Amino acid sequence: MDVPDLKSPIFIPDSYSPSQQVDDSSIPTSSPGPPRRYLMLVLFAVSAVSLLGLVSPFYHGGELASDRAPATPLERWTLSRGTAEGVSEKSNGRILGATPVYPWTNAMLVWQRTAYHFQPQKNWMNDPDGPMYYKGWYHLFYQYNPDSAVWGNITWGHAVSRDLIHWLYLPLAMVPSHWYDANGVWTGSATLLPDGRIAMVYTGSTTESVQVQNLAFPADPDDPLLLKWNKSESNPVIRPPSWIGLTDFRDPTTAWYVPTESAWRIAIGSKDADHNGIALVYRTKNFVTYELIPRLLHSVNRTGMWECVDFYPVSTASKVGLDTSTGPGPGVKHVLKASLDDNKHDYYAIGTYDGEEGTWTPDDQEMDVGIGLRYDYGKYYASKTFYDPVKERRVLWGWSGETDSEKTDLLKGWASVQTIPRTVTYDDKTGRNLLQWPVDEVERLRQSSQEFSNITLGVGSVAPLDISKATQLDIEAKFEIDASALERAIEADVGYNCSTSGGAAGRGALGPFGLLVLADQDLSEQTAVYFYLGRGTDGGLGTFFCQDELRSSLANDLVKRVYGSSVPVLDGESLTVRILVDHSIVESFAQGGRTCITSRVYPTEAIYGGARVFLFNNATGAPVTAKSIKIWQMNSAFIHPYAA
């Protein structure tokens with residue numbers, strides 16, 4: 001097959017023929033797809049024993065026959081990156097250890113680049129920074145290494161968009177240039193002041209690797225692209241308190257205004273001497289001088305360093321987003337989120353903010369930050385929200401790093417993507433969690449669609465879905481499980497856990513069942529997105545939503561896991577899932593976004609025209625019906641450099 005030059009600084013994934021290019025200064029839109037086609041569904045069933053014979057060996061160490069050359073034990077990449085400099089681990093080397101490097105081909109590596117997720121033209125990217133809407137443009141800044149596809153030399157990359165999907169690359173926004181950020185311009189947040197000014201507060205790593213907070217502001221506030229930034233002559237504006245570790249003080253939040261004080265407050269993540277995760281709060285009237293408030297915003301025992309803290313209000317009465325400065329009151333809850341350095345997951349909790357005391361209390365102590373709910377149960381970290389005043393919504397960005405080796409990243413020349421921006425709202429049906437959903441604008445990329453309905457999946461069966469292409473998709477599916485089977489399943493299944501279950505091959509009476517995406521025809525490669533139902537000792541049903549990467553690739557130099565958690569399902573609700581497939585990233589949203597999972601996957605066979613989608617039911621005691629499935633082909637976002 002013809003493959004674009006891997007050394008090219010930018011190329012479009014060629015699972016689909018590129019659309020006609022448009023003028024750089026405009027925003028491309030998807031062309032209408034062909035009329036809806038209903039293709040014949042070939043449904044076949046195999047016995048439970050047969051399905052296990054097909055599935056289980058790949059989950060339990062079975063070897064695959066292959067005519068490809070064996071992996072060669074080339075240089076082993078076991079280095080740690082970032083921890084010595086005072087940030088979270090940025091390499092998979094410690095996990096992969098001495099795993100031999102897989103013999104990746106140019107075609108495989110080119111295929112991995114996404115088509116409609118944001119990623120730089122080349123090199124390393126991590127945390128999203130300072131997202132905002134300003135003078136007609138959405139802005140995204142991001143941690144970026146301009147020199148290599150591994151972490152280091154962190155600067156701020158910059159891109160703009162009219163719609164959060166079609167992005168235009170801009171020149172670097174900020175680079176290490178002073179003693180207070182000589183070792184890195186690290187994560188920060190933007191605060192838009194009432195008079196239209198922008199205060200960008202970010203963490204800098206000094207020449208002595210001390211973490212300090214610095215202020216930057218646009219060199220030309222009239223420039224809607226915000227191309228140039230000035231750093232304050234007062235930097236650093238905040239230094240770590242004496243009782244905080246010099247490398248445990250980073251990632252300031254967007255500030256919120258307190259009218260009774262005529263001042264702003266800003267939170268910064270850290271940990272104390274007892275390894276408790278903490279959020280400190282500072283008061284400022286001018287973003288240059290700051291006062292540490294004596295009381296912590298919040299702390300949770302033994303949760304370790306809190307990175308990328310976020311703090312914002314949500315409405316309990318509507319789906320309208322709230323400005324960050326919205327204070328406590330009727331119909332308002334506050335969300336506190338922290339990225340835990342100890343386990344690299346983003347945890348959040350919903351609670352009540354006491355503006356007078358300056359403290360926040362979770363609604364449920366057992367679901368506190370770091371021990372309860374997560375934004376995403378997959379490869380997702382260092383997230384940050386912003387308030388979009390145009391559409392009155394809270395928008396969430398998240399970084400999805402690679403799970404392959406640094407050696408491979410250097411071969412392909414890039415590492416990491418940002419997930420599709422998500423709207424965040426309060427789930428007024430459960431009253432216990434948030435709902436996350438891809439921003440509406442991503443639907444503009446939808447092209448032709450195919451629909452399937454009322455497909456019955458017997459126990460131990462798989463069914464191919466006859467679609468034309470399967471590497472850039474938006475899938476919405478609804479499942480129902482046989483009611484009589486639910487009544488018959490009386491045995492308790494209290495020990496189920498997605499991560500320790502054996503994945504989609506771990507069978508139970510009421511699951512797993514769902515979809516296989518990025519699968520090849522023989523199912524030697526597949527990423528399973530599925531539900532699993534189990535009864536507790538009280539007889540009540542619990543529902544789990546999981547994503548299994550264990551068979552996502554024949555390659556060996558990858559971190560492959562089974563992700564997931566329980567998901568609330570209320571009486572009368574069907575089981576619903578939405579899946580965004582974009583080459584090497586799969587994002588899944590269950591029950592309207594109550595539980596979300598992101599995977600990075602690197603198939604070797606299920607690429608280009610070799611990718612397929614299947615339904616499956618690996619339960620032992622319950623038929624399942626796929627009530628409705630709709631699959632859209634997705635256009636590329638054609639992300640490219642800005643040209644005036």
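This is a tutorial dialogue on reading the features of one predicted model.

Student: Before we start, what are the ground rules for this model?

Tutor: Residues count from 1 along each chain as its sequence is written, and side-chain values use heavy atoms, with hydrogens and water left out. As the model is predicted, local features need pLDDT of at least 70 and side-chain atom pairs count only at pLDDT 80 or more, while totals for chains, interfaces and linings use all residues.

Student: Okay, sheets. In what order do the 6 strands of the open sheet run?

Tutor: Helices (H or I, at least four residues) and strands (E, at least two) are DSSP runs, numbered from the N terminus, and two strands pair if DSSP finds at least two bridges between them. Here the order is β22-β2-β3-β4-β5-β38, with mixed pairing. β22 (414-415) and β38 (640-641) stand at the edges with a single partner strand each, so one side of each has no neighbour in the sheet.

Student: How many bridges join β3 and β4?

Tutor: There are 7, in the antiparallel sense, between β3 (residues 137-145) and β4 (residues 155-161).

Student: Which residues have the most contacts inside the largest nonpolar core?

Tutor: A nonpolar core is a set of buried Ala, Val, Leu, Ile, Met, Phe, Trp, Tyr and Cys residues joined through side-chain atoms within 4.5 Å. The largest has 67 residues, and F479, L515, L615 and I629 have the most contacts inside it. Apart from it lies another core, of 25 residues, with Y169, V395, V442 and F589 among them.

Student: What about charges? How many salt bridges does the structure hold?

Tutor: Side chains of opposite charge can pair when their charged atoms come close. A salt bridge is a side-chain nitrogen of Lys or Arg within 4 Å of a carboxyl oxygen of Asp or Glu, and the structure holds 32. One of them joins K337 and D346 at 3.6 Å, N to O; both K337 and D346 are buried. There's also a network linking E402, D404, D409, K412 and R600.

Student: Which residue forms a salt bridge with E443?

Tutor: That's R446, with the closest N and O atoms 3.8 Å apart. E443 is partly exposed at 31% relative accessibility, whereas R446 is buried at 17%. R446 also meets D474 in a salt bridge (3.0 Å, N to O). D474 lies in β28 (residues 472-481) and R446 in β26 (residues 446-457), so this pair ties together parts 28 residues apart in sequence.

Student: Over which ring does the charged end of R446 sit?

Tutor: A charge sits over a ring if NZ of Lys or CZ of Arg is within 6 Å of the ring centre and within 35 degrees of the ring normal. For R446 the ring is that of W632, 3.6 Å from its centre. R162 lies over the face of W137, at 3.6 Å from the ring centre.

Student: Last one: how many aromatic pairs are there?

Tutor: Rings of Phe, Tyr and Trp (its six-membered ring) pair if their centres lie within 6.5 Å; planes under 30 degrees apart count as stacked, over 60 as edge-to-face and the rest as tilted. The structure holds 30 such pairs. F118 and W167 are edge-to-face, at 5.9 Å centre to centre and 65° between the planes. Both are buried, and F118 and W167 belong to one aromatic cluster with Y142, Y144, Y169 and W397.

Technical notes: Buried < 20%, exposed > 50% of the residue type's maximum accessible area, 1.4 Å probe, protein only.
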